[in-house]
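Here is a briefing on a structure with protein chains. Please look it over before reading the notes.

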Amino acid sequence: MEQNLNNSLYIIDLGEINTAQEIIFQLSSDLDKEEAKNKRICLKLGNVDLNQAQLLSIKSLINGIDSTLSTVDTKSVETEKTAISLGIIVSNVSAENSTEVVPAMPYKSVEDLKENGSQNEEEKYSIVEDPDIVESDNENNVTEENIQTVGNDQYSSASENTNETYVSVDEVQHTDEETIQNAEGQNVEVKEENVINVDTIIKETDNFKTETVSEKDDVQDELDVIFGSNPVQSSIFEMKDTEEQKYEEREELSEIVVPEQEYTKEDFELEAFPTKYIKQTIRSGQVINYEGNIVIIGDCHPGSEITAFGDITVWGILSGIAHAGAGGNQKARVRALKMNAIQLRIANCYSRRPDSLNTVYIEKTNSFTPEEARIVNNEIVVFKIND
Amino acid sequence: MAGRVIVITSGKGGVGKTTTSANIGTALAKHGHSVVLIDTDIGLRNLDLLLGLENRIVYTLVDVVEERCKLKQALVKDKKNPNLCLLAAAQTRDKTSVSAEQLKKITERLKKDFDFILVDCPAGIEQGFQTAIAGASEAIVVTTPEMSAVRDADRIIGLLEAADGVESYKLLINRVRPNMIKSNDMMSVEDVENILSCQKIGIIPEDTGIITSTNRGEPIVNNEKSLAGRAYMNVARRITGDDVPFLDIDEPKDIVGKLKKFFSGLGKQGKE
């Protein structure tokens with residue numbers, strides 16, 4: 001039932017199972033096997049409609065054994081849509097067509113690529129030269145060559161016009177199918193398309209992914225990211241309406257946070273920042289500045305301001321202004337047991353409490369709803385942290 | 001035409017300077033004038049709360065003075081009235097952050113773009129007060145019919161007369177309770193006027209709606225039914241030069257009182 005393609009790719013064929021319950025059941029027994037551990041899993045599904053929650057639980061099952069769900073092959077349109085919305089690559093996996101291995105790239109390199117921006121286009125390259133591909137059979141070697149040359153082309157074209165690489169997911173799938181049809185003919189041109197598209201898929205998905213990479217083992221975080229794609233959850237904080245703020249808020253923003261020095265990749269690692277613990281109630285008019293992470297054991301009253309280069313964690317009610325990542329760290333987060341902040345700023349993003357939440361004071365009860373704010377697609381989104 | 005700079009001051013705290021500023025500002029904006037409200041109560045700002053603009057403040061008066069941003073950037077536009085802008089005070093600083101000359105410069109610049117510049121003055125007669133009145137040519141002295149507030153208002157009027165820029169000042173009597181005046185428990189409006197020998201620009205009745213409106217962050221002038229709201233609306237019209245008769249604040253609010261008034265009116269008519 002299962003086939004082992006190479007060291008890291010592991011295909012689980014559940015194509016004959018027709019109900020979600022049975023899939024989960026079969027999958028959990030498959031995942032118990034030793035060879036499934038620490039692999040990139042390709043999931044072959046039949047004509048079963050899976051919703052977000054079901055796909056999510058599958059994903060967390062796979063994550064539970066230190067593997068990642070890299071691709072999903074499904075006959076159902078519904079499942080396909082769900083997988084796309086969750087940022088899982090959908091493709092038709094088959095043992096014969098080894099080019100399909102390419103999509104299963106580690107996310108980390110993609111993240112590096114994103115972090116380093118356009119300067120490190122070279123890295124995009126090294127992703128394509130994935131050792132996995134080299135290790136696989138002869139057919140693969142041919143493709144690898146193709147990919148290399150393609151990579152060159154792509155580098156030049158991408159640097160000229162990066163917008164081109166942003167293709168919608170639908171298009172990508174279309175071309176994928178083409179590739180499969182032409183795979184036997186070793187058509188270089190089509191493969192070229194394929195490689196670009198693979199990058200595209202990852203670019204599409206890494207909007208969701210970038211956040212998870214650092215804490216991949218944390219299933220809860222994964223859940224949060226996926227919930228983040230749900231607009232209902234993410235609308236707790238509204239982005240500033242440009243119509244209401246005629247006075248060039250954008251210009252202000254660039255002035256609020258101007259990273260004075262160029263940060264290298266290492267500097268962005270939050271662990272590099274020291275952490276300051278403050279055990280008191282921060283009252284109106286009090287300002288706390290720290291070039292690192294701040295942890296406050298207590299409440300932050302309205303009118304207080306907390307500015308940190310790293311994360312801000314409030315073990316209490318946050319009602320003042322919190323500015324995390326003041327040095328330009330886009331990955332900084334703001335966490336609070338109860339999020340009621342009048343304004344949230346992360347790096348150069350800014351959001352304010354919606355007017356509908358115009359409560360005079362927030363009740364100090366023992367029931368807390370822990371929340372975390374972070375940047376998703378250049379917007380500050382507040383996620384609920386469930387238990 | 002250059003805008004008018006009006007400072008709203010009182011000396012004593014808690015008599016309703018900020019409420020008056022917010023409401024007169026909103027009322028003037030409702031009449032179609034372009035208005036900017038400046039909160040000079042640095043460190044204890046409240047004007048933004050009353051207008052419900054707290055979550056929109058990014059830059060403050062201190063940022064403008066210290067040239068961290070442009071003046072235009074610090075102006076927060078009102079949610080409902082595009083004519084109304086707020087220049088908020090910094091919460092994390094103190095009164096020494098802005099000097100009289102600096103505020104005067106700012107009001108001079110705002111005069112070009114706005115019809116009215118209302119300056120909300122902090123309580124007291126120290127530096128904050130001196131800063132607030134620096135750019136103003138007119139003043140509204142807010143007081144309540146209490147001896148302490150009237151004494152402080154008297155002191156303030158003396159300081160205003162001594163100040164260079166302020167050419168005229170008017171009295172606004174806040175939190176008037178007609179019932180208490182009737183039973184001789186409160187100074188009447190006329191008494192206050194006589195003590196201070198100053199012309200009044202408005203009488204605002206005590207209204208519980210003020211508390212609700214403050215908590216909601218919406219000035220009471222937006223509520224047409226409120227007596228205090230209408231009184232503030234009239235003050236705004238008097239500022240623009242209209243001759244508006246003073247509101248009959250004796251109006252009973254409960255149904256029984258209304259009926260009583262109605263019947264007593266009928267009785268009088270019958271006798272005549």
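The notes below start with the overall make-up and then turn to individual elements.

This is a predicted model: local features need pLDDT of at least 70, side-chain atom pairs count only at pLDDT 80 or more, and totals for chains, interfaces and linings use all residues. Residues are numbered from 1 along each chain as its sequence is written, chains are lettered from A and ligands numbered from 1 in the order in which they are written, and side-chain values use heavy atoms, with hydrogens and water left out.

**Overall make-up**

- Chain A holds 13 helices and 17 strands. Helices (H or I, at least four residues) and strands (E, at least two) are DSSP runs, numbered from the N terminus.
- Chain B holds 12 helices and eight strands.
- Of the 387 residues in chain A, 49% are buried. Buried means under 20% relative accessible area, exposed means over 50%, and partly exposed lies in between, with a 1.4 Å probe and protein chains only.
- Of the 272 residues in chain B, 56% are buried.
- Take contacts between residues at least 6 apart in sequence: in chain A, 54% of them join residues at least 24 apart. Contact means heavy atoms within 4.5 Å.
- For chain B, among contacts between residues at least 6 apart in sequence, 74% join residues at least 24 apart.

**The sheet of chain B**

- Eight strands of chain B form an open sheet with mixed pairing, in the order β3-β4-β2-β5-β1-β6-β7-β8. Two strands pair if DSSP finds at least two bridges between them.
- The edge positions belong to β3 (75–77) and β8 (200–205) of chain B; each has a single partner strand, so one side of each has no neighbour in the sheet.
- From one strand to the next, the twist averages 20 degrees. Axes are lines fitted to C-alpha atoms, for helices over the stretch in contact, and angles run from 0 to 180 degrees between N-to-C directions.
- Helix α1 (residues 17–30) of chain B packs on the sheet. The strands it touches are β1 (4–9), β2, β4 (84–87), β5, β6 (138–143) and β7 (168–176) of chain B. The direction of α1 makes about 165 degrees with that of β5(B).

**Strand β2(B) and its partners**

- Strand β2 (residues 35–39) and strand β5 (residues 116–120) of chain B run parallel, joined by five bridges.
- Across that pairing, V36(B) has I117(B) as its bridge partner, and I38(B) has V119(B).
- β2(B) also runs parallel to β4(B), with four bridges between them. There, L86(B) is the bridge partner of L37(B).
- Five of the five residues of β2(B) are buried. V35(B), L37(B) and D39(B) lie on one side, V36(B) and I38(B) on the other, and both faces are covered.

**N23(B) in helix α1**

- N23(B) sits in helix α1 of chain B.
- Its relative accessibility is 2%, so N23(B) counts as buried.
- Leaving aside neighbours within four places in sequence, N23(B) is in contact with P219(B), I220(B), V221(B) and Y232(B).

**Helix α7(B)**

- Helix α7 (residues 147–162) of chain B has 16 residues and reaches 23 Å from its first C-alpha to its last, close to the 22 Å expected at 1.5 Å a residue. The expected span is 1.5 Å times one less than the number of residues.
- Its buried residues are A149(B), V150(B), A153(B), I156(B), I157(B) and L160(B).
- Seen down the axis of α7(B), these fall within an arc of 120 degrees, so they line one face of the helix. The arc is that of the directions from the helix axis to the C-beta atoms.
- R151(B) and A162(B) are exposed on the other side of α7(B).
- The buried residues of α7(B) pack against β1, α6 (127–132), β6, β7 and α9 (189–196) of chain B.
- The axes of α7(B) and α9(B) come within 10 Å and cross at roughly 35 degrees.
- Contact is made by M147(B), V150(B), A153(B), D154(B) and I157(B) of α7(B) with V192(B), I195(B) and L196(B) of α9(B).

**Helix α2(A)**

- Helix α2 (residues 52–64) of chain A has 13 residues and reaches 18 Å from first C-alpha to last, close to the 18 Å expected at 1.5 Å a residue.
- L55(A), L56(A), I58(A), K59(A), I62(A) and N63(A) of α2(A) are buried.
- They cover an arc of only 160 degrees around the axis, which puts them on the same side of α2(A).
- A53(A) and G64(A) are exposed on the other side of α2(A).
- Just after α2(A), D66(A) takes a positive phi of about 65 degrees.
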